[in-house]
Amino acid sequence: MAGADESEDEEERVVRHGYCIECEDQPAQVRCENCEDDYCEVCYSAQHRKGNRKRHASTALGQPPAKRKKTGVVVNGSNGVAAGVDGEKAEDVPDDVEEEDDMSTDAPDAALLPAPIADPKTAGDYYLQRAKYIPVRLTLNERKYLRLLEAALSVSEYTDRVDILSYSSSKVQRIHQQIKELCSILSGLLLAADYKQGQQLFTDRDFAQNESWFQDVFELGRRFKIMNPDKMRGTYGKLMYLLQDAQNAQVRDMLQFTCVKPIKTVYGVLEEGGALDLLKDDLISLATREIVAGTRPRYEIQREIKAKERAIEALSARYSGPRSSGHITQETIKQCLYSIGDNHAFLRVNRDPCEIMIGFLKKYFDPRDAKGENANLAIRIGKGGARLSHDHSKQYAYVLQSLTLWREILHDMFRLWSFAEEDLLAAASPYRLRDTGQGLNRVQPAPKTSRLMHSILHKAQQNIGSWVGSSVIHMGDHNVPNALLFIDKYSQIYRILLPISNVLQQIPTLFHGSGSLRQYAESEYGGVDKLVREILCDFFRHAFDGSGADSYFDAGSCIDGRLTSAWNWCSTLEKKRYFPVFLLCGFVGFDGQW
């Protein structure tokens with residue numbers, strides 16, 4: 001019987017022709033000549049990053065066999081060393097030894113399209129792809145229903161009643177009861193807010209007849225949260241867990257309706273209205289640009305505002321009404337343009353602090369020269385709470401690649417959020433309620449989110465040219481139980497970097513402008529420049545030292561461990577000798593308004 005089971009498993013493991021042998025769901029792009037297997041680019045990068053496999057030769061599968069070029073250069077970006085194949089014997093490296101190359105300051109930055117995009121040729125494709133994951137901004141009427149949803153969720157005890165270990169009642173029955181209770185609260189709030197509409201919808205108290213209304217209200221909450229990560233911090237998780245349970249087949253049969261509908265995106269609205277060509281228009285960059293005042297004079301800002309308003313009016317008139325081929329109103333087009341502009345604002349607040357900190361790293365530190373006061377970033381395990389040992393050049397590379405990876409993640413945050421919701425609400429992927437050491441959590445695999453994260457990691461490795469430390473991404477385990485906690489973890493990056501970057505940018509202006517503050521900086525820290533260098537040196541050392549985990553085995557240099565170390569540094573900031581400088585610059589905490 002054991003032999004029969006093994007043969008059945010082998011039959012199930014047969015990979016479809018033309019697909020990656022590792023992940024089995026992506027088209028093969030690279031063939032390893034040594035392994036004689038076909039991989040997608042991401043899996044090839046992960047499997048051939050170190051050890052003997054690093055020296056394997058590969059060929060691209062996109063060309064005819066006669067034109068394929070055999071090279072020893074690894075197709076990923078885990079290292080910048082080309083392995084010789086033309087009669088040149090490569091040095092054997094054990095599989096369990098991880099090679100860590102030094103980082104060069106000439107390594108190319110990630111190819112991130114700025115907003116607005118100057119070149120119309122690239123702008124069209126950029127906006128077409130990005131609009132698929134940009135939610136539409138809520139209208140005034142939709143915000144009324146959002147307030148009803150938040151009020152209902154705030155008084156609901158859904159997770160307290162469902163996510164418990166109980167043997168006195170069936171979990172399906174508890175889920176059904178709690179969802180019906182929430183729907184009753186929603187209907188009661190609607191009746192109190194708009195009696196006429198409440199009477200029309202809930203006269204018979206039949207929730208199944210109002211399936212579309214409940215779907216719309218739940219979708220509003222999901223859409224609003226993606227656009228505003230700071231909002232619904234206590235209710236969004238409750239909403240997603242409720243919708244996750246509502247996808248269960250038994251629960252759907254008992255409810256007699258489904259609670260989930262796709263997120264309303266800019267691409268979907270324009271496609272339905274026949275106005276997709278709007279995203280390729282030359283004016284799209286001007287109409288969606290974010291106008292930041294900075295230190296510019298008022299007349300320049302007013303000129304840009306008027307130019308943006310004229311572009312919005314021109315686009316809304318061009319792609320609506322009888323003169324266009326579509327059937328979409330001007331207000332809807334304006335709403336879509338404002339939504340794209342909201343995405344640009346999101347990138348500025350969340351992604352740009354990573355760019356600023358990368359700029360500080362390259363300005364104040366040299367990857368090879370560690371001479372001078374507070375110029376050495378070296379860390380040693382056990383010293384200052386560190387759990388890693390890196391010399392200066394290796395720590396410089398480690399910090400640079402971590403910030404670059406965070407920048408890439410935040411650049412694709414809306415797409416990650418979309419995939420995370422698909423994984424959470426997948427009916428074919430049930431969760432397990434498990435004690436992960438931090439209470440009972442829903443442990444659920446997230447294949448789509450994990451796949452996209454590996455693609456982002458691969459892109460960061462290619463841009464950097466080398467990789468220090470582990471490239472393990474925790475997903476669906478005791479560290480990161482599900483996609484919801486993964487998204488919540490990485491949506492907090494700006495809470496760390498934004499206040500720090502704001503303080504560092506304010507120090508020169510504040511301390512040079514005041515005589516007493518300048519004297520304080522010179523007497524206590526040796527000058528303004530030395531003060532900035534001391535803060536940066538401490539941050540780049542101990543916010544990236546592998547510390548912060550509950551146990552030694554969970555700490556380290558993995559992808560999620562880097563963010564854990566940064567949060568651990570934030571918790572010790574008030575003990576630093578430069579903490580008064582943060583207070584003088586208006587710092588109020590890592591969980592406030594800046």
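**Close-up views of a predicted model**

**View 1. Strand β1 meets its neighbour β2.** Strand β1 (residues 30-32) and β2 are antiparallel, with three bridges joining them. One of the residues to look for is R31, whose bridge partner in β2 is D38. Helices (H or I, at least four residues) and strands (E, at least two) are DSSP runs, numbered from the N terminus. This is a predicted model, where local features need pLDDT of at least 70, side-chain atom pairs count only at pLDDT 80 or more, and totals for chains, interfaces and linings use all residues. Residues are numbered from 1 along each chain as its sequence is written, and side-chain values use heavy atoms, leaving out hydrogens and water.

**View 2. The open sheet.** Here three strands line up in the order β2-β1-β3, with antiparallel pairing (strands pair if DSSP finds at least two bridges between them). β2 (37-39) and β3 (58-60) sit at the edges with a single partner strand each, so one side of each has no neighbour in the sheet.

**View 3. Helix α20 and its bend.** α20 (residues 493-513) has 21 residues and reaches 31 Å from first C-alpha to last, close to the expected 30 Å (1.5 Å times one less than its number of residues). At Q506 α20 bends by about 35 degrees, and the proline P508 follows within four residues. That bend is the angle between axes fitted to the seven residues ending there and the seven starting there.
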